[in-house]
Amino acid sequence: MQSLKVTDLMSDEVVSVVPGTAFKDVAKLLAQYDISGVPVLDDEDRVVGVVSQTDVLAHAGPDPYASPDERPAARPTTAGEIMSAPAITVLADGTAADAARLMTRRGIERLPVVDEEDRLVGIITRRDLLRMFLRPDSEIRRRVQEVLRDVADVPTADVEVHVVDGIVTLDGTVPRRSRLPLILSLAERIDGVVAVASRLTARADDEESSGAGTVRHAMPW
């Protein structure tokens, strides 16, 4: 089983600027494409910073309530002067779940996607990441069955898998109790799974702790 990668969800059509792009042109691009930010690239397409709507608005004009000493001597004129640097980026071969955690932790809407040499290859947004939860229940059920059969070594006929709106219910018997934590952990990590309810029992109790008959809730990020 493989998790969705950033490259599976990203867009490779990216609006970008260079450090010398005029301040007004950056603002026009944000409005024209209705985007929250643009990556700033050097001559080798490496991401050196990001200009967000917040960056633009923060330099839109002097604060009328600021004292003369607090006002800047001159307004910035280029993207390089207002960009946030270093840029927060994500690798193309990283997992979509890790990208979602990074966005949530840093409070941002979009991430430039780079290769191993920090060159821009795409952009991923929160809207793109929501596609993880649009996976059909039938496909989630198939992936769970693959985990049971190929990873946990549990015959498909021994466990019934029901999926409704991303919520997985497992009902049946597994050979050993020690396999229960692994089964639940792997099922929870499948892209599109919202929660896992386990009604599994074990034929052999090969460990002291018991975990059957419980309900576990987990978000993939």
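Which residue just after H2 takes a positive phi? That residue is Asp-34, with a phi of about 50°. The model is a predicted one, in which local features need pLDDT of at least 70 and side-chain atom pairs count only at pLDDT 80 or more, while totals for chains, interfaces and linings use all residues. Residues are numbered from 1 along each chain as its sequence is written, and side-chain values use heavy atoms, with hydrogens and water left out.

**Overall make-up**

The protein has eight helices and nine strands; helices (H or I, at least four residues) and strands (E, at least two) are DSSP runs numbered from the N terminus. Of its 221 residues, 39% are buried. Here buried means under 20% relative accessible area, exposed over 50%, and partly exposed in between, with a 1.4 Å probe and protein chains only. The accessible surface comes to about 12600 Å², and carbon and sulfur atoms account for 49% of that surface; the areas come from the Shrake-Rupley method with a 1.4 Å probe, and for residues only the protein chains shown count as cover. Among contacts (heavy atoms within 4.5 Å) between residues at least 6 apart in sequence, 60% join residues at least 24 apart.

Helix H2 spans residues 23-32, and its buried residues include Phe-23, Val-26, Leu-29 and Leu-30. They are on the same side of H2 because they cover an arc of only 125° around the axis, the arc being that of the directions from the helix axis to the C-beta atoms. An α-helix has 3.6 residues a turn, so residues three or four places apart point the same way. Lys-24, Lys-28, Ala-31 and Gln-32 are exposed on the face turned away from the buried side. Cover for the buried residues of H2 includes strands E1 (37-41) and E2 (47-52) and helices H3 (53-58) and H4 (79-82).

E1 and E2 run antiparallel and are joined by five bridges; two strands pair if DSSP finds at least two bridges between them. Val-40 has Gly-49 in E2 as its bridge partner. The hairpin has five residues between the strands, and Asp-45 takes a positive phi near 65° there. E2 is largely enclosed by the rest of the structure, because five of its six residues are buried.

**Loop residues**

Another loop, between H4 and strand E3 (90-91), holds Pro-86. A cis peptide bond joins Ala-85 and Pro-86, with omega about -5°.

**The three-stranded sheet**

E3, E4 and E5 form an open sheet in the order E3-E4-E5, with mixed pairing. E3 and E5 are at the edges with a single partner strand each, so one side of each has no neighbour in the sheet. E4 and E5 run antiparallel and are joined by five bridges. Val-114 stands opposite Leu-120 in E5. Helix H5 (residues 96-106) lies across E3, E4 and E5 and runs at about 135° to E4; axes are lines fitted to C-alpha atoms, for helices over the stretch in contact, and angles run from 0 to 180 degrees between N-to-C directions.

**Nonpolar cores**

A nonpolar core is a set of buried Ala, Val, Leu, Ile, Met, Phe, Trp, Tyr and Cys residues joined through side-chain atoms within 4.5 Å. The largest has 22 residues, and those touching the most other members are Val-144, Val-159, Val-161, Val-168, Leu-170, Val-174 and Ile-183. H7, E6, strand E7 (167-176), helix H8 (180-188) and strand E8 (195-204) each give two or more residues to this core, and H8 gives the most, five. A second, separate core of 16 residues includes Leu-4, Ala-96, Ala-100 and Ile-124.

Val-161 lies in strand E6 and is buried, at 3% relative accessible area. Not counting residues up to four places away in sequence, Val-161 touches Arg-141, Val-144, Gln-145, Leu-148, Val-168, Thr-169 and Leu-170. With the same exclusion of residues up to four places away, Val-144 touches Val-161, Val-168, Leu-170 and Ile-190. The C-alpha atoms of Val-161 and Ser-198 are separated by 9.9 Å, and the two residues are 37 apart along the chain.
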